[in-house]
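Try each one before reading its solution.

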Amino acid sequence: MIVRVFGQAGSEIMPEQTATRVLTCIQCGKCTGGCPESGKTPFNVRMLVRKTQFKSNIDEALPWYCTSCGACSLRCPRDVKPSEVIIELRSKLVEDGDIPVTIQKALENTFVQKNPWGRSRNKRADWVEKAGFEIPHVSKTESKRLLFVCCIQAYDPRCMVIPVNVAKLLRAGGMEFGILGEEEACCGNEIRRIGESGLFEELQEENLGTFKEYGVKEIVTLSPHCMNALKKEYGNTGIKVSHYTEVLARMIADGSLAFPGSFEKKVVYHDPCFLGKQNGIFDEPRSILKAVPGLELLEFSRSRETSLCCEGGGGRMFFEVESVYQRNAEVRVIDAGMLGAEIIAAACPFCVMTLEDPATEKGLAVKELSEILVEVI
Amino acid sequence: MNILVFTKRVAATQEEELRIRDEGAAVDLSKVPFKINDWDNYSVEEAVRIVEKEGGTVTAISIGDAESDEVLRRAIAMGAKDGFLIESDAVMHDPGARSRLILNFIKKENVPFDVIFTGVQSEDDQFGCVGGILGAILGLPYSSMVIGIDAIEKDHMIIRRELEGGLQERVKLAVPCVLSIQSGINEPRYVSIMGIRKASKVERKVFKAADYPAENAPGIEIVRWTYPAKKGGATMLAGELDVMCGQLLGILKEKGVYQ
Amino acid sequence: MSYALIVAEVRRGVFEERNLDSVGLAALLGKETVLFVPEGPYQIPEKIADTIVRAKTAEETFLNPLNLTKMLEQIFAGRGKPDYLIFTQSSSGMECAPYSAGFFGLPVITDVSAYDKDKGIFYKSYYSDKVFGEFKPAGGAAVVLTVRSGSFKECAAERSVAAKIEELSGIAETEGRVFIEYVEEEKSDIDITKADFLLSVGRGIGNKDEIPAYEDLANKLKAVLSGSRPVIDKMWLPKPRQVGTSGKTVKPKVYLAMGISGAFQHIAGMKDSDCIIAVNKDTEAPIFQYAHFGIIADIHKVRDKLKEIVNG
């Protein structure tokens with residue numbers, strides 16, 4: 001175990017604001033109570049805040065357990081924002097260059113190719129081939145409405161269907177949109193949470209420059225993670241940012257998108273942390289699913305604000321913690337099975353990726369929301 | 001110990017489909033991103049670790065166009081004290097020409113050093129020659145494939161070099177010497193963007209390659225570029241189960257992993 | 001005198017097979033071939049070259065660029081400089097070839113994998129074989145070459161008579177670089193990044209009870225067993241055996257993937273393997289896009305058949 005003393009108030013490592021917030025912590029433990037990692041792993045978020053208050057030694061491996069679900073910050077009565085404290089701890093490790101090698105690779109890849117997997121930037125729009133129709137560059141659109149695709153949807157064979165599906169759905173609803181293709185860079189949401197704020201700023205600067213160059217007025221994102229970054233962490237851009245479920249919910253409500261087909265399945269909806277907890281979008285995905293003829297919508301007992309994190313966020317897509325324990329995704333799948341669900345629907349690519357492994361094993365299907373919808377349009 | 005480390009900015013082509021232009025005259029790198037040569041990253045890290053322990057300085061040197069300043073900033077962020085750019089807009093394919101340029105630069109500028117590090121090879125041309133030629137023309141001991149530095153004394157170093165099949169060779173080299181560092185000798189630290197920004201405040205000296213003309217030595221010339229014979233997707237083994245399995249074992253034998 | 005001089009590689013008393021690629025290239029170049037070798041108890045085919053020069057020194061002293069260049073100087077004094085000075089593309093060749101080039105002021109082309117006799121052009125890999133450069137020594141000068149293993153072996157024709165044997169003695173050993181000892185790399189059985197041959201299993205194996213049967217196959221094939229993330233997550237295999245972005249990145253000579261569909265995170269951890277063989281019953285499995293060879297079949301049946309064949 002490598003331990004380290006992290007900076008406190010006055011040090012350049014932890015900004016004054018964070019240090020002050022940390023001091024107001026009353027150690028009530030509500031953070032730990034809602035944390036998807038505390039209890040079954042060595043990670044204890046309350047303890048980490050405590051140790052930061054006292055400048056005690058901290059095991060370097062611990063900050064990497066956090067999935068950035070945001071439950072702690074949501075539950076904290078004193079606005080300490082423990083999830084942000086974790087990011088500060090990570091940035092100290094990042095600045096020292098002493099980080100898990102797979103995280104290091106993800107960061108270096110993002111620096112070179114603008115995506116954490118290091119795939120060629122020139123192949124960022126390869127998914128378009130699968131759409132079967134032309135998708136214009138955003139500069140060629142009248143609305144200057146951008147479909148922001150981002151890395152996992154652009155490159156992962158499992159998730160490449162998401163932009164294809166959403167493009168079809170927007171088109172079916174008569175909405176004009178364009179893309180940036182290879183000019184798009186990673187949104188940086190996970191990069192910031194890994195603690196690499198400098199790289200996040202570079203991505204932000206590059207994307208904002210591109211948005212400005214083409215006069216982007218509105219952005220529709222596929223992943224809630226991208227929405228979070230673009231909406232809340234890119235500063236005051238004057239650009240309206242929505243998750244695609246918000247857009248589709250509106251289209252259904254105003255009658256521009258209808259589902260003539262039917263989908264006779266029992267579906268349980270899993271709230272992604274970055275869509276639900278952190279951005280309050282609970283009703284739109286549900287209203288969309290309810291609009292699908294034949295679909296029976298089930299609810300997890302832990303849903304909405306208390307939804308159980310799939311553990312795919314906060315850099316955990318690129319890093320495997322040392323301790324072995326029952327994955328939340330597996331817990332989630334067992335719960336879904338007990339509800340009698342046939343399908344788990346999620347509106348986040350990370351959730352789909354993490355849930356699918358245990359689900360397949362237990363004979364359940366995991367579908368990204370758009371995968372259900374394209375079957376009924 | 002003063003260490004000169006050569007670091008090169010190379011095209012990151014691993015994920016790219018490269019195109020040859022102008023009937024073989026050039027490889028199109030216009031849409032390819034660039035990065036530090038992987039082997040040089042290990043070299044810089046090794047040099048920095050040595051001076052962190054033994055004292056001394058690391059000077060990073062790059063030959064290339066103005067953009068190569070990027071790898072110097074990176075080296076400084078890792079712990080190098082100085083960064084020298086020998087600016088040359090023309091790509092020098094001949095490693096002999098590069099080595100002689102370095103020799104003339106070191107002599108003319110009186111650059112002091114105890115040890116020179118290069119990477120074993122660079123990712124782009126994979127020549128793996130600059131260190132060896134430089135060692136010979138400087139008249140210094142040389143070793144390549146250095147996978148471990150076991151001891152550093154005033155007048156010598158004990159190093160391990162990687163041979164084939166999990167075998168290594170332990171060698172004593174007199175200092176000063178030239179070493180080509182193998183990847184895997186260490187785990188290079190992560191260089192954060194904040195770190196690079198701070199490093200940008202350290203002045204990097206720029207020299208012009210044209211000021212260090214090399215004597216006329218016989219070199220090599222590139223005639224043209226060509227594509228390798230097409231491979232194209234997986235070859236599917238077909239037939240009955242025992243036929244396919246027999247073929248599979250045949251492949252294992254051919255690749256030398258199964259007798 | 002016009003000739004090609006081959007510096008042979010001998011390690012631990014073994015005349016390395018890749019020397020035959022050097023011999024093959026020399027034959028293709030059509031020059032009289034002189035093979036330069038150290039002392040040792042090893043066997044060399046006697047018709048391998050026109051002349052064999054034996055240095056009166058051990059392999060460790062021989063494959064030391066500082067000593068070697070001095071020895072070559074002695075040979076050149078007698079025969080003149082060769083037209084081609086040929087090494088293998090190996091740890092020793094990658095060290096001795098450029099050093100010799102620098103020492104004698106000769107140009108050098110490394111990792112030569114083909115030769116065009118009509119044009120006098122050497123093919124050299126750039127960008128990990130994505131393109132090749134066609135090179136020739138400027139002005140037709142003599143040149144130092146290193147030869148890619150496996151490229152010219154079949155060109156190595158036997159001579160009609162046994163090679164003339166000469167000896168080189170009076171060798172001065174340098175103080176500048178001294179061999180100390182050979183060191184065996186520590187081989188931890190679970191370091192999958194060091195294995196030449198990985199048998200990697202995925203979710204497709206079904207359940208933990210199948211693991212011993214795959215372990216058995218790996219042992220029989222002298223492969224190391226590794227797995228994809230689902231297999232490690234379920235604790236069917238220990239964490240250090242995981243291949244993928246959240247595990248280890250591997251580049252073995254052969255990666256045999258059984259029951260692995262090829263999730264992106266997995267592919268990123270193994271795609272640079274020299275040879276990827278995928279066995280999967282799903283014809284659409286993404287891993288086939290990255291594999292060099294594929295078998296569409298039930299993996300358990302393939303496993304059992306392989307064992308059957310190996311057991312004889």
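**Exercise 1.** How many helices and how many strands are there in chain C?

*Solution.* In this predicted model, chain C has 9 helices and 17 strands. Next, take the box along the principal axes: the C-alpha atoms of chain C fill roughly 70 × 45 × 40 Å. Then turn to burial: of the 312 residues in chain C, 52% are buried. Finally, look at contacts between residues at least 6 apart in sequence: in chain C, 63% of these join residues at least 24 apart.

**Exercise 2.** Find Lys55(A) and Met145(B), and work out whether each is buried, partly exposed or exposed.

*Solution.* Start with the backbone. Most residues other than glycine have a negative phi. Lys55(A) is not a glycine, yet its phi is positive, at about 55°. Met145(B) also has a positive phi, near 55°.

Now place them. Lys55(A) sits in the loop of chain A that runs between helix 3 (45–53) and strand 2 (57–59), while Met145(B) belongs to strand 9 (residues 142–152) of chain B.

Last, count neighbours. A residue is buried if 20 or more other C-beta atoms lie within 10 Å of its own. Met145(B) has 25 such atoms within 10 Å, so Met145(B) is buried. Lys55(A) has 13 other C-beta atoms within 10 Å and is therefore partly exposed.

**Exercise 3.** Which residues does a cis peptide bond join in chain B?

*Solution.* Most peptide bonds are trans. Look for an omega of about 0°: the bond between Val175(B) and Pro176(B) has this value and is cis. To place it, note that Pro176(B) lies in the loop between strand 11 (167–174) and strand 12 (177–181) of chain B.

Terms used
Residues are numbered from 1 along each chain as its sequence is written. Chains are lettered from A and ligands numbered from 1 in the order in which they are written. This is a predicted model: local features need pLDDT of at least 70, side-chain atom pairs count only at pLDDT 80 or more; totals for chains, interfaces and linings use all residues. Helices (H or I, at least four residues) and strands (E, at least two) are DSSP runs, numbered from the N terminus. A residue is buried if 20 or more other C-beta atoms lie within 10 Å of its own, exposed if 12 or fewer, and partly exposed in between; C-beta atoms are placed from the backbone. Two residues are in contact if their C-beta atoms, placed from the backbone, lie within 7 Å.
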